[in-house]
Amino acid sequence: YGNTSNTQDLSKYDVFVVDEPNIRFTAAEKTAILNFVSSGGGIFMVADHTMSDRNNDGWDSPAIWNDLMNNNGAVTNPFGFTVDLTNITQLCSNVLSGNTTNPVLHGSEGNVTKLDYHNGATVTLNPASNSSVQGLIWQNGYTQSNTRVLSATSVYGSGRVYIVTDSSPMDDGTGAPGNTLYVSWNTYSHTALFMNASLWLAKLQ
């Protein structure tokens, strides 16, 4: 981040989408991500269930995101959440209540009512680390508190953060041949959720 001669420098982008990382971020990459968000960028974080190590290197996406949160050499838990080592499958309708103006849940692309998980993790919020952290959708049967969160936002510096902890809901069927896909982009209110989140991250709503 900050090298204007690099055509792929994060400073040239409004939103950085990272879908289920399976290679641990280097120290330089962690610094770049934090600086990008702190300076006004938006990061769209996608995790998956525990034990989803696709390349068998000992790291799956929950561990990689938590490593960014807690081992970045700068600040502990900068975004105010960690990914739990959980694995759930559920059609979730436990959407944030009492807030009809939230731009991710009720933005220009529509209202969010459900989120369908095919083996995904949960999130634990830590407002003491970042008071802006906000749960959006919870696992069915749980109170809307700091645990069992499926989707959340926060603000870090002048930038914005969105996380969802299953890669299936935004699956549009274009995965690698031979992979088991859960094509869900056009089901329920997934399109509204992810488009609203993207626009919010880009500060377009």
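In helix H3, His190, Ala192, Leu193, Phe194, Asn196, Ala197, Trp200 and Leu201 are buried, meaning under 20% relative accessible area with a 1.4 Å probe and protein chains only. Helices here are DSSP runs of H or I with at least four residues, numbered from the N terminus. H3 covers residues 190–201, twelve residues in total, and its first and last C-alpha atoms lie 16 Å apart, close to the 16 Å expected at 1.5 Å a residue; that expectation is 1.5 Å times one less than the number of residues. Just after H3, Lys203 takes a positive phi of about 60 degrees.

A word on the model: it is predicted, so local features need pLDDT of at least 70 and side-chain atom pairs count only at pLDDT 80 or more, while totals for chains, interfaces and linings use all residues. Residues are numbered from 1 along each chain as its sequence is written, and side-chain values use heavy atoms, with hydrogens and water left out.

Let us move to helix H2 (residues 61–70), where Asp67 sits. Asp67 is buried, with a relative accessible area of 7%. What does the side chain of Asp67 make a polar contact with? Its partner is the side chain of Lys30, at 2.7 Å; a polar contact is a pair of N or O atoms within 3.5 Å, where one must be able to donate a hydrogen and the other to accept it, and residues adjacent in sequence count only if both atoms are side-chain atoms. Neighbours within four places in sequence aside, Asp67 is in contact (heavy atoms within 4.5 Å) with Arg24, Lys30, Trp59 and Asn72.

Terms used: Helices (H or I, at least four residues) and strands (E, at least two) are DSSP runs, numbered from the N terminus. Buried means under 20% relative accessible area, exposed over 50%, partly exposed in between (1.4 Å probe, protein chains only).
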